[in-house]
Amino acid sequence: MTHTANPPKIVLGFESSCDETGVALCTTEGRILGQALYSQIAMHKDYGGVVPELASRDHIRRLIPLMEETLAQAGIAMKQVDAIAVTTGPGLPGALMAGCSFAYSLAMGLNLPVIPVHHLEGHLLSPLLSINPPAFPFTALLVSGGHTQLMGVERLGQYSLLGETLDDAAGEAFDKTAKMIGLPYPGGPALSKLAESGNPERFKLPRPMLHSGDYMFSFSGLKTAVLTTAMKLAGVSQPSETMVISDTDKADLAASFQAAIVETLVKKALAACLQQDHKRLVVAGGVGANKLLREQLEKAARKRGVEVYFPELSLCTDNGAMIAFAGAMQLAGKPELLNSRDYGMHTRPRCELASTQPVFSNP
């Protein structure tokens, strides 16, 4: 996928929106030269979830070593870098500030332009890094830890919000449900693994808003239904962290919960895709790694003549490659960004992807 004439420019990208520190180098031809990633899972495990202050401090510790590792891996000297891309939002305020402070300071010291990147745009574009990238236009299902959205994508930089969750995102529902039934952090992957040995038809859990006639989601009611079921299984009238549920019950409840989430995502995503008259559906974000979601979505899409695209498993979670790539694509479409020297840093802990202004020229 070539967007620019030779020689290609090199973009150094930084991701620090939550609990992964990612650094990568990408060219304006869309080629990843090197990348490094550090996950804070082990640090947050004792607390059962991400501790924002600890996350912020750890990003500061990791950024320079990861940058040096990335440059060495690519065989690139810092003087060869043409621009710096960094996640400015959405995410944890302190974590974003850690990454942005470093990226903007580095850019100012080296007299390089800074390219702000929307975290969800990074996820949305990550399937373009696959061996078989999708062509435009397409419908995108963004299912990361804190976001569940359906987007219409006409071209690079032109996105429209079709629907989103009214409460918990799918990833949040996975994590909270896992904690509810006593699974270790991080809950989502643990629940999905346990569900493989369970009976997904044992518990009749709701599919909230499945027939709402729009593309909105809601998962808080499903989470409440799981809690009510778990209390009945444990024989208690009040929720408690010490509820005792058998391993079989846990597996069946996990499988039933996962089946409800997946059915809702599959049906709504395909309905949105067909309504947009798109023949391609892109799935991105951490939940995009879910095995059942991939299987069910591909099966249902095939029946409707829709082709589904997933990012590589390594690109489903937060990473620096998707940020470097998004920044490089901005630069490819708008080369004049090389002349920018705006170091007025603005992090955006809460910001919609569809509200950002298109910065790409027609590819």
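This is a predicted model: local features need pLDDT of at least 70, side-chain atom pairs count only at pLDDT 80 or more; totals for chains, interfaces and linings use all residues.
Q: What makes β6 and β7 a pair of strands?
A: Two strands pair if there are at least two bridges between them, and β6 (residues 138-144) is joined to β7 (residues 147-155) by seven bridges, so these strands meet the condition for pairing. They run antiparallel.

Q: In which order do the strands of the open sheet lie, and which are its edge strands?
A: The open sheet has five strands in the order β8-β7-β6-β9-β10, and their pairing is mixed. The edge strands are β8 (158-164) and β10 (307-309), each of which pairs on one side only. On average, neighbouring strands of this sheet are turned by 25 degrees against each other, with direction ignored.

Q: Which helix lies across β6, β7, β8 and β9?
A: Helix α8 (residues 247-275) lies across these strands, and it runs at about 155 degrees to β6.

Q: Why are α7 and α8 called roughly antiparallel?
A: The two helices pack at an angle of about 165 degrees, with their axes 11 Å apart. Angles over 145 degrees count as roughly antiparallel, and α7 and α8 are therefore described in that way. Their crossing is right-handed. On the α7 side the contact is made by Leu-222, Val-226, Thr-229, Ala-230 and Leu-233, while α8 contributes Asp-249, Leu-253, Phe-257, Ala-260 and Ile-261.

Q: How do you know that Thr-229 is buried?
A: Thr-229, which is found in helix α7 (residues 220-234), has a relative accessibility of 16%. Buried means under 20%, so Thr-229 belongs in that class. Leaving aside neighbours within four places in sequence, Thr-229 is in contact with Phe-203, Leu-205 and Leu-253.

Q: What makes Arg-202 and Asp-252 a salt bridge?
A: The closest N and O atoms of the two residues are 3.0 Å apart, and a salt bridge requires a side-chain nitrogen of Lys or Arg within 4 Å of a carboxyl oxygen of Asp or Glu, so the pair qualifies. This pair links distant parts of the chain, since Arg-202 is in the loop between α6 (187-195) and α7, whereas Asp-252 is in helix α8, 50 residues apart.

Q: How far apart are Glu-53 and Arg-57 along helix α2?
A: The two residues are four residues apart in α2 (residues 52-74), which means that about one helical turn separates them. With a relative accessible area of 45%, Glu-53 is partly exposed.

Q: In which helix do Lys-267 and Glu-263 lie?
A: Both lie in helix α8, four residues or about one turn of the helix apart, and their side chains meet in a salt bridge (3.0 Å, N to O). Lys-267 is partly exposed at 46%, and Glu-263 is partly exposed at 26%.

Note on methods: Residues are numbered from 1 along each chain as its sequence is written. Side-chain values use heavy atoms; hydrogens and water are left out. Buried means under 20% relative accessible area, exposed over 50%, partly exposed in between (1.4 Å probe, protein chains only). Contact means heavy atoms within 4.5 Å. Axes are lines fitted to C-alpha atoms, for helices over the stretch in contact, and angles run from 0 to 180 degrees between N-to-C directions. Angles under 35 degrees count as roughly parallel, over 145 as roughly antiparallel, 65 to 115 as roughly perpendicular and the rest as oblique. A crossing is left-handed if the near helix is turned anticlockwise from the far one by less than a right angle, and right-handed if clockwise.
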